[in-house]
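Here are a few notes to go with your first look at this one. Have the view open and follow along point by point.

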Amino acid sequence: MAKRGFCDHCGTPLFLKYDGESDVALLLGAFDQADALIPTHHYGIEGRLPWVNIGHGLPESMTLS
């Protein structure tokens, strides 16, 4: 199970946190100043578009099923 957070005003998805896990995945593109947030890894890489090349060399993981 997971908890998903959404903007109270517009409903935009903001975060995902799996039960029993300490990490919180932020959807950086949803933030007004996303350039101020520095990613530490890529999560959900199975949905990455083939032409996207962002943060080369960061750790990667697939979405838990």
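1. A term to start with: a residue counts as buried when its relative accessible area is under 20%. By that cut-off, 8% of the 65 residues of the chain are buried. Keep in mind that you're looking at a predicted model.

2. The chain has an accessible surface of about 5,500 Å², and carbon and sulfur atoms account for 57% of that. Its C-alpha trace spans about 35 × 30 × 20 Å along the principal axes.

3. What does the secondary structure come to? You'll find 0 helices and 5 strands, so to read the elements from the N terminus on is simply to read β-β-β-β-β.

4. Now find the sheet. As background, strands in a sheet pair through backbone hydrogen bonds.

5. Zoom in on S1 and S2. Strand S2 covers residues 13-18, and its antiparallel pairing with S1 runs over 5 bridges. For a landmark, look for Gly5, which stands opposite Phe15 in S2.

6. Last, the charges. The chain carries 4 positive and 8 negative ones, and their mean positions lie 5 Å apart.

Definitions and conventions
Residues numbered from 1 in each chain as written. Predicted model: local features only at pLDDT ≥ 70, side-chain atom pairs only at ≥ 80, totals over all residues. Heavy atoms only, no water. Helix = DSSP H or I, 4+ residues; strand = E, 2+ residues; numbered from the N terminus. Buried < 20%, exposed > 50% of the residue type's maximum accessible area, 1.4 Å probe, protein only. Areas by Shrake-Rupley, 256 points an atom, 1.4 Å probe, with all protein chains shown as cover. Lys, Arg positive; Asp, Glu negative; His and termini not counted. Charge placed at Lys NZ, Arg CZ, Asp CG, Glu CD. Pairing = 2+ DSSP bridges.
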